[in-house]
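Subject: Structure handover

Hello,

Please find the structure below. My notes follow it.

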Amino acid sequence: MSKKTISFIIGILVIIVGVFAFINRQAIEDKKQDHEKMNIIIKKGEKETTFSHDEILEFGEEEFKANLKSSGKKAVEHIYTGVPLIKLLQSAEIEMKEEDQINVKSIDGYTVALRVDEVLDEENIYLSYKIDGELMKPREDGGDGPYQMIIRKDQFSQRWAKYVVEIEVN
Ligand SMILES: Nc1nc2c(c(=O)[nH]1)N[C@H]1C(S)=C(S)[C@@H](COP(=O)(O)O)O[C@H]1N2
Ligand SMILES: [Mo]
């Protein structure tokens with residue numbers, strides 16, 4: 001291969017990597033903005049629905065008690081305010097089969113997988129935005145919000161995703 005050909009190939013590779021980096025950065029930036037605007041995105045395949053905080057409130061908020069277990073600490077009971085997660089999926093007209101998986105994605109890349117039967121239980125899985133009557137602070141301000149997924153029937157909070165931005169069904 002001539003030097004020219006090699007330079008050409010390297011040039012093309014640099015461009016490809018650059019384009020991917022750009023697309024990736026754009027996707028991260030979009031997610032950050034949704035996080036700041038208190039939006040939640042529901043996704044299945046090509047279909048994407050964005051809910052604002054006001055739209056989420058219309059699903060009817062509920063208050064409930066749940067035990068928060070932080071790592072290295074004893075569980076502490078708190079009062080949470082939120083809406084059942086299933087309401088968002090229903091409103092976005094997401095069809096689910098028994099074997100589907102619901103991936104709850106957070107701004108820090110954390111992902112929690114839920115089964116369809118768990119999500120169908122309205123008294124179990126909530127998209128929560130208040131703790132003890134106060135709006136949850138976003139991650140930048142040292143909070144667990146603006147949204148945290150509360151799984152009431154799960155005593156370990158490992159799956160209680162903090163800073164939730166997107167729910168993807170597949
Ligand atoms: N987005 C996000 N959610 C998360 C985590 C995380 O790293 N990122 N950690 C989980 C774990 S392992 C625990 S124990 C609980 C409580 O975390 P804390 O101890 O930082 O309060 O949050 C869960 N939710
Ligand atoms: Mo944990």
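First, a term: a residue is buried under 20% relative accessible area, exposed over 50%, and partly exposed in between, with a 1.4 Å probe and protein chains only. This is a predicted model, so local features need pLDDT of at least 70 and side-chain atom pairs count only at pLDDT 80 or more, while totals for chains, interfaces and linings use all residues. Residues are numbered from 1 along each chain as its sequence is written, chains are lettered from A and ligands numbered from 1 in the order written, and side-chain values use heavy atoms, without hydrogens or water.

**Salt bridges**

Here a salt bridge is a side-chain nitrogen of Lys or Arg within 4 Å of a carboxyl oxygen of Asp or Glu. The structure holds nine of them.

Start with arginine 159. Its partner is aspartate 154, with the closest N and O atoms 3.3 Å apart. Arginine 159 is partly exposed, because its relative accessible area is 24%. Aspartate 154 has 15% and is therefore buried.

Next, glutamate 166. Its side chain meets that of lysine 31 in a salt bridge, 3.8 Å from N to O. This pair links distant parts of the chain: lysine 31 is in helix H1, glutamate 166 is in strand E10 (residues 164-169), and they are 135 residues apart. Helices (H or I, at least four residues) and strands (E, at least two) are DSSP runs, numbered from the N terminus. Lysine 43 also forms a salt bridge with glutamate 166, at 3.8 Å from N to O.

Lysine 31 is partly exposed at 26%. Lysine 43 is partly exposed at 22%. The network of salt bridges takes in Lys31, Lys43, Lys105, Glu166 and Glu168.

**Ligand 1**

Which residues surround ligand 1? The shell is Lys69, Ser70, Ser71, Ser106, Asp108, Tyr110, Ser157, Gln158, Trp160, Ala161, Lys162 and Tyr163. The shell divides into four nonpolar, five polar and three charged residues. In this count Ala, Val, Leu, Ile, Met, Phe, Trp, Tyr, Cys and Pro are nonpolar, Asp, Glu, Lys and Arg are charged, and the others, Gly among them, are polar.

- Serine 71: a polar backbone atom is 2.8 Å from an oxygen atom of ligand 1.
- Aspartate 108: a side-chain N or O atom is 2.8 Å from a nitrogen atom of ligand 1.
- Tryptophan 160: a backbone N or O atom is 3.0 Å from a nitrogen atom of ligand 1.

Taken alone, ligand 1 exposes 520 Å², and the protein buries 73% of that. Accessible areas come from the Shrake-Rupley method with a 1.4 Å probe; for residues, only the protein chains shown count as cover.

**Backbone points**

Most residues other than glycine have a negative phi, and most peptide bonds are trans. Some places here need checking against that.

Tyrosine 163 has a positive phi, near 45°. It sits in the loop between E9 and E10. Aspartate 132 is partly exposed, at 43%.

The bond between glycine 145 and proline 146 is a cis peptide, with omega about 10°. Proline 146 lies in the loop between strand E8 (134-135) and strand E9 (148-151).

**Surface**

Glycine 45 is in the loop between E1 and strand E2 (47-51). At 57% relative accessibility, it counts as exposed.

Regards

Conventions: A residue is near a molecule or strand if one of its heavy atoms lies within 4 Å of it. A polar contact is a pair of N or O atoms within 3.5 Å; within protein, one must be able to donate a hydrogen and the other to accept it, and residues adjacent in sequence count only if both atoms are side-chain atoms.
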